[in-house]
Amino acid sequence: MTPQTSEHALEVIDLKKAFGGLVVTQSVSLAIRHGERRLIIGPNGAGKTTLFNQISGDMRPNSGQIKLFGTDVTQLAPYKRAHFGLSRTYQIITLFSGDTLEHNVTLGLLGLRPSRWQMWRPMSFYGDLATEARRTLDAVGLLHLAEHPVSDIAYGEKRRVELAMALAQKPRLLLLDEPLAGLSNTERAQVKALIASIPRETTVIMIEHDMDTALDLAETVTLLNYGRVIVDGDRDTVIADERTREVYLGA
Ligand SMILES: Nc1ncnc2c1ncn2[C@@H]1O[C@H](COP(=O)(O)OP(=O)(O)OP(=O)(O)O)[C@@H](O)[C@H]1O
Ligand SMILES: [Mg+2]
């Protein structure tokens, strides 16, 4: 683990990404302080998820730089970024649907360990993981479903499992891609409370279209459009900005 050398949890510097002729990230720069709650907004196709994919390492940028806690990770694979304390959820659920909740969470925890390629481990190692997996499910009120296959549970419950898996890694930086999408009002309130309870040691960056809920959780906001940062800063200032209304709120 690299020592904390920066006041920023994340710095994105002049990031560019194109798919063929389509430029999806155009000179994006961002600086997110330790413990900050940042909301990323923008119309469909603005490049929000693509930005997350580059931060997590799921996609490589064409140029630019990504620093996690002061260290350049631009060339590092996703699992190496996880070792810096980065964790994320996906816009599309990535759980194994035929497998139980408990096993999914256990696999998630296992994938995180640096020693995952090591074949031999004491039995207690797996016992500890299963205990941790159950504790994780309990934290989101889903322990009673631990033995059920993912395919049996409701969409909102899957989203909570996914969020719980990300939180179980005790991330220093957490990326949430539309955690409230497709949820009922009750589920939305549950997930909102869960996000609000994330400790300050964890910096949170959230992409979300549900402004009513998301703005309560955000301190700072970045508006993206056509792969560019249009407005960036303190929540109320960004929301009051004419450009935000034009690009997003007025839409
Ligand atoms: N792997 C890919 N190959 C080609 N084009 C892609 C790929 N991934 C994303 N794009 C394109 O990049 C653009 C931005 O997509 P992205 O998913 O980042 O948008 P978004 O802001 O997350 O939108 P939404 O709010 O709908 O989730 C879109 O035009 C999309 O079609
Ligand atoms: Mg998206």
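This dialogue covers the ligand shell and the cavity of a predicted model.

Colleague: What should I know before reading the numbers?

Modeller: The model is predicted, so local features need pLDDT of at least 70, side-chain atom pairs count only at pLDDT 80 or more, and totals for chains, interfaces and linings use all residues. Residues are numbered from 1 along each chain as its sequence is written, chains are lettered from A and ligands numbered from 1 in the order written, and side-chain values use heavy atoms, without hydrogens and water.

Colleague: Which residues come nearest to ligand 1?

Modeller: A residue is near a molecule if one of its heavy atoms lies within 4 Å of it. Around ligand 1 there are 15 residues, and G45, K48, T49, T50 and Q91 come nearest.

Colleague: How do their classes divide in the shell around ligand 1?

Modeller: Ala, Val, Leu, Ile, Met, Phe, Trp, Tyr, Cys and Pro count as nonpolar, Asp, Glu, Lys and Arg as charged, and the others, Gly among them, as polar. This shell has six nonpolar, seven polar and two charged residues.

Colleague: What polar contacts are there?

Modeller: For a ligand, look for a pair of N or O atoms within 3.5 Å. An oxygen atom of ligand 1 is 2.7 Å from a side-chain N or O atom of K48. For the side chain of Q91, the distance from an N or O atom to a ligand oxygen is 2.7 Å. G47 uses a backbone N or O atom, 2.9 Å from an oxygen of ligand 1.

Colleague: Which residues line the largest cavity?

Modeller: On a 1 Å grid over the protein atoms alone, a cavity is a set of points where a 1.4 Å probe fits but cannot get out; lining residues have an atom within 4 Å of a point. Here T89, R159, E162, L163 and P179 line the largest cavity.

Note on methods:
A polar contact is a pair of N or O atoms within 3.5 Å; within protein, one must be able to donate a hydrogen and the other to accept it, and residues adjacent in sequence count only if both atoms are side-chain atoms. On a 1 Å grid over the protein atoms alone, a cavity is a set of points where a 1.4 Å probe fits but cannot get out, and a pocket is an open set with protein on both sides within 12 Å along at least five of seven lines; lining residues have an atom within 4 Å of a point.
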